[in-house]
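Work through the two exercises below with the structure open. Try each task before reading its solution.

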There are 2 protein chains.
Amino acid sequence: MAKRLLDAGHMLKVYNRSRAPVEELVKQGARAASSPKDAAEGSEYTILMLPDSGDVWNVALGEEGVVKGAAPGSIVIDMSTISPLTERRIAEELAKRGVKYLDAPVTGGTIGAEKGTLVIMVGGDYEAFNAAYDVLRVLGQKVVYMGASGSGQLTKLSNQISVALSLLGSCEALLFASKAGLDLGKVIEVIASGAGSSWQLANLGPKIVERDFRPGFKAEHLSKDLRITLEVAQELSLPLPGTALLHQLFKAVVARGDGVLGTQVLSKILEDLARHDLSKTLSGAEKS
Amino acid sequence: MAKRLLDAGHMLKVYNRSRAPVEELVKQGARAASSPKDAAEGSEYTILMLPDSGDVWNVALGEEGVVKGAAPGSIVIDMSTISPLTERRIAEELAKRGVKYLDAPVTGGTIGAEKGTLVIMVGGDYEAFNAAYDVLRVLGQKVVYMGASGSGQLTKLSNQISVALSLLGSCEALLFASKAGLDLGKVIEVIASGAGSSWQLANLGPKIVERDFRPGFKAEHLSKDLRITLEVAQELSLPLPGTALLHQLFKAVVARGDGVLGTQVLSKILEDLARHDLSKTLSGAEKS
């Protein structure tokens, strides 16, 4: 994402806890900042991308945080996926100093970030959204204003509900088909052409069959997103039986030590439950 | 489907318990049969389309059943969605008389049936599949051989697992978004453009928002399909936690008296649990 901004002609100051990515970007024309505060100083836009709510809180509002450097009238944009409640509190704190804050999480994964094909869901002040639009369009092909502060995160969490449940549908469909002795390539072909089709099945189904668990999106990140979703649902007194089941299953993925693998590793939890290794399916085999 | 076969130049004898559809087809050139036996007599192919396993068993093997009329060498094709175990038993019974039997369930709904765009998943004798291929291609745009008797049904059941779970994902995502006060049209647009996209969300999501519960595919039929899926999974000693949850939720749909509505009525069960009517969402409203 930083590379795309450099390529588009923006001047960047960059900060990261580990140094290697910073040095890589400095080679390409960015300046290294010594702290989040330093990165925000003199910047029109300050963009954050961090793992979880506490990280964003600290980087935005901590000792050497963005709040100490950002000028009144500048815009801070958080592109992490974190709690919408945290976003609202940070927005309120920054507003006290005249700094605008947008929550702008993304979907589309590492490939989308490199190619600029991300979808960006934005919450916060509408004028700030308009001011930041051109910068965000460098990073995403679709930049949608969703409403007041936190609305970007709420939209992202809705998206993750659909991601998680259609992934479980893909895993259970393939496991059932494997145990029944069907040719999994044909099964994916048939399901993908009708009412059972999903992005998850089309993109991760073949990886599950090929036992390719390298991460496009890490299981531990989806687990975190589902946790936040259920925290918000708890505040809204909203029962979500499917999402709750998925959170439990992803906690099992993480407990298994597979959190750093791709979300498709969910299949292994179900295969474990069934004591059935899906890779044992013979292509075109007879049913058991 | 019968109309498409007539239009393709096939001679048809038709039987149905209620008379109106038969008379409609007779007007278009079909002959009325007095029983399944009569329909099968002198026919090269006998096609069944019935609600559940018991119906197919009776029509195939009962007193006035297909078995009493079908000539050795003729092919019986069951296009219902029923138990793969029943299909295998019927195939065995018919084989004793030299009659070939294919299980050939479909996806694509009423519209697919009218337009000939169904996907047809076929199990049974491969030679019989080849012999019946041209007839099936009149009814479906994709006709796939899946393996031995029962394999068509097993593929269809895999498909229904994916259908049901991606539908739940769509319902929970929209309910969460509604309760959070987001604009549901925008939420569908955003989710449909990324990793959370599914046929269910794109096609049934807008219907849920518009409170259009007219059936494309009836909830009671999906409930039946999930029951059969879990019966087969039971035989295979296969735990399917997501599919089991969906079956319970669809039993609640049927208990509520909504089985004759479209599967998207699943949303109402979740709205009931949450005591939140999704139609109360104001477009573009602030979060609660």
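The exercises cover the chain interface and a set of aromatic rings.

The model is predicted: local features need pLDDT of at least 70, side-chain atom pairs count only at pLDDT 80 or more, and totals for chains, interfaces and linings use all residues. Residues are numbered from 1 along each chain as its sequence is written, chains are lettered from A in the order written, and side-chain values use heavy atoms, without hydrogens and water.

**Exercise 1.** Describe the interface of chain B and chain A.

*Solution.*
1. Count contacts (heavy atoms within 4.5 Å). 62 residues of chain B touch 62 residues of chain A.
2. Take the buried area, the accessible area (1.4 Å probe) lost on putting two parts together, summed over both. The value is about 5,300 Å², and carbon and sulfur atoms give 70%.
3. Look for salt bridges (Lys or Arg side-chain nitrogen within 4 Å of an Asp or Glu carboxyl oxygen). The rule finds two across the interface. A:Lys142 and B:Glu189 form a salt bridge, N to O 3.2 Å.

**Exercise 2.** Classify the ring pairs of B:Tyr126 with B:Phe129 and with B:Tyr145.

*Solution.*
1. Apply the rule: Phe, Tyr or Trp (six-membered ring) centres within 6.5 Å; planes under 30 degrees apart are stacked, over 60 edge-to-face, the rest tilted.
2. B:Tyr126 and B:Phe129 have ring centres 5.9 Å apart and planes at 20°, so they are stacked.
3. B:Tyr126 and B:Tyr145 have centres 4.7 Å apart and planes at 65°, so this pair is edge-to-face.
4. Check burial by relative accessible area (buried under 20%, exposed over 50%, partly exposed in between; 1.4 Å probe, protein chains only). B:Tyr126 is partly exposed at 46%. B:Phe129 is buried at 5%. B:Tyr145 is buried at 17%.
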